[in-house]
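Dear colleague,

I am handing over the structure below, and I would be grateful if you could look through it alongside these notes.

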Amino acid sequence: MREVQKIKEELDRRARAAAGKKAAFGEDIDLAGFTGKPSSEAYPSGLSALSAEHAKLALSAGVDVSEKGRSGTFLQMDHNVIHARSNAEGLEVMSTTDALAKYDWLWDYYWKAVAVDADKYTAHAQLNPFHGYFIRALPGQKASFPLQACLFLKSNDLIQSVHNVIVAEEGSDLSIITGCATESFGGSGMHIGISEFFVKKNARVTFTMIHNWRENVVVRPRTGTVVEENGVFLSNYICLQPVRNIQMYPRATLAGKNSLARYNSILYAHPGSQLDVGSRVDLAARGSRAEIIARALSHDGRIIARGYLRGETAPIKAHLECRGLILGERGNIYAIPELEGCTEGVDMSHEAAVGKIAKEEIEYLMSRGMSSQEAQAAIVRGFLDISIMGLPEVLKRQIDRAIASCEKEAM
Amino acid sequence: MKEMLLEIKDLHVQIAGREVVSGINLSLRQGDRMVLLGQNGSGKTSLIMAIMGFPSYEVTEGDILFKGKSILGLAIDQRAKLGLGILFQRPPTVRGIKLRQMIEMTSGKKNFDLEKEAGRLAMTEFLGRDLNLGFSGGEMKRSELLQVIAQDPQVVLFDEPESGVDLENIALMGTIIDEFLKKKDRAALIITHTGYILDYVKADLGCVLADKRLHCVQEPRKIIGDIRKYGYDKCVKCRK
């Protein structure tokens, strides 16, 4: 027990030293500006006690409170864990606070895929810990349905900081849908989310994150993943709703041979939204493969789409693709694809393109009888195609609906 | 007499201020199939793009009538809805829109049997692919034909339906085109360089586009034979 105390003290020490450290990317946020306190109203006592409006907001971020087609749910509102339960054998869902109390070994994972002193946001999460989820698939467990997790920001001017730890033990198959949503409030809000993934030998994790923030919310996720031999990590990120400012640059390390990481991102920047979103994969083991695919659509918003692939050994294979579409005169997309090969025999490539909808494509569709508006909407819908993400049908339909409403707005 | 579908009257077309078609007249009644021949760059594609209403092909004089009414003021999609269809020579790639979706969005027939028609054109496995992305020349043309059949137009403008297509697939496409035109007594304007498609698509009328004008209207195989023998220049001079 003394050992754990020492670890905590050391983490706190490092966090305090980094409390003022600016992040490498993104607007520097003054955390002292968020002076809000959790709502004085009582929080729901469980999933079934959620108001219809909250349930609808959660659903729009892919989290279904009826739990239909889900093998478990974690729901946190501000600093309060509302629900944490697995409905499937071999899957554990609980708050990270409970998990750290239950499992001493979890300290071997805590802050191991993300550095506690990476910047002021990681430091804040360590010094102001408010739960987050712990999800673990036991060895060989394969759930038929995805788990869902919802992080809900309810109170005005509050910083919600959570720390999630996900462990897929050897040979397991874990699918998680995380939805982030915000209640409509007058002031601002901030979400800091630390997520650490550990994909063990022969395990597979599919992680889909849907951000449904609002135009007054600032978001700083900090995510790290370690993938062992033959492990697979598939990450989907979807952000279609307005947000004030997001900066995130999740990083996966392919540490085991023949491991795989794939990041798909669909970004939509509304007027005034600033999205600085990237993905990084370090290919550190022979036979590892990575793919980063981003679709960025700016409707008078600003997007920085980053991608970084680092081939440390050979053979490895990695590809990065970023396509940007600008609608509106004030839209701005800055694509920054980076490749770093550190040895002979790496096979790495990238392609990036930023433009507007091609006139000839619109006219082509029109020649088959579609109006100009219908043609543009179809092209935008096609651009934001989520079929490559392999999502459950229900979730796919929800996202399709969100895309359809974006299309209308963009047109 | 069969119904008049398309009339082109003294048509002048410009691209970026340069005249590419100058005073063309032609008409297509129900069941007419006219073959349009001409050297590369002679304005054949420009003519059909202007008929379809592509804004880059500006009509500066003359008129285009569909069933007796001018369509000059109509946008591309309005012309398509009236019953004009086009098979492109080089259609653009449209990422994110699958061939199946395109057909579902634009099919003019309620009872169109997509699986069956795609099967006939050996396009079943392409239905789930992005439109024209990585398609070979032949695949592109079969995809175009499938879309046109689904759209169900009364007048079809074919821009080199056999270019880039192997002989076996020319036979397949030609047979299906002929059958499609026969049904509903459709009219067609067919641009061809080689005339191979005419082994399968019966056409009675042919003409040559040269010097921005149409020359000579007669049996297309005869014209093709003369062009092969004497070349375009001599052929045009002779027919003048």
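Residues are numbered from 1 along each chain as its sequence is written, with chains lettered from A and ligands numbered from 1 in the order in which they are written.

Chain A contains 7 helices and 20 strands, where helices (H or I, at least four residues) and strands (E, at least two) are DSSP runs numbered from the N terminus. Its radius of gyration, taken over C-alpha atoms, is 21 Å, close to the 22 Å given for 411 residues by the globule rule (2.2 Å times the number of residues to the power 0.38), so chain A is as compact as a globular protein of that length. Along the principal axes, the C-alpha atoms of chain A fill a box of roughly 75 × 60 × 45 Å.

The mean pLDDT (the predictor's confidence in each residue, from 0 to 100) of chain A is 91, and 98% of its residues reach 70 or more. Among the elements of chain A, the lowest mean pLDDT, 72, belongs to helix α7 (residues 393–410), and the highest, 98, to strand β13 (residues 251–254). Where pLDDT is low, the predicted coordinates should not be read in detail.

Chain B has 7 helices and 12 strands. The radius of gyration of chain B is 17 Å, close to the 18 Å that the globule rule gives for 240 residues, so chain B is as compact as a globular protein of that length.

Between the chains, 19 residues of chain B are in contact (C-beta atoms, placed from the backbone, within 7 Å) with 16 residues of chain A. On the side of chain B that touches chain A, two or more residues each come from α2 (76–82), β7 (94–98), α3 (99–106) and α5 (137–151) of chain B.

Within chain A, the axes of helix α5 (residues 359–366) and helix α6 (residues 372–383) come within 9 Å and cross at roughly 120°; the axes are lines fitted to C-alpha atoms over the stretch in contact, with angles running from 0 to 180 degrees between N-to-C directions. E361(A), I362(A), L365(A) and M366(A) in α5(A) meet S372(A), A375(A), Q376(A), A378(A) and I379(A) in α6(A).

With best wishes

Notes. Predicted model: local features only at pLDDT ≥ 70, side-chain atom pairs only at ≥ 80, totals over all residues. Contact = placed C-beta atoms within 7 Å.
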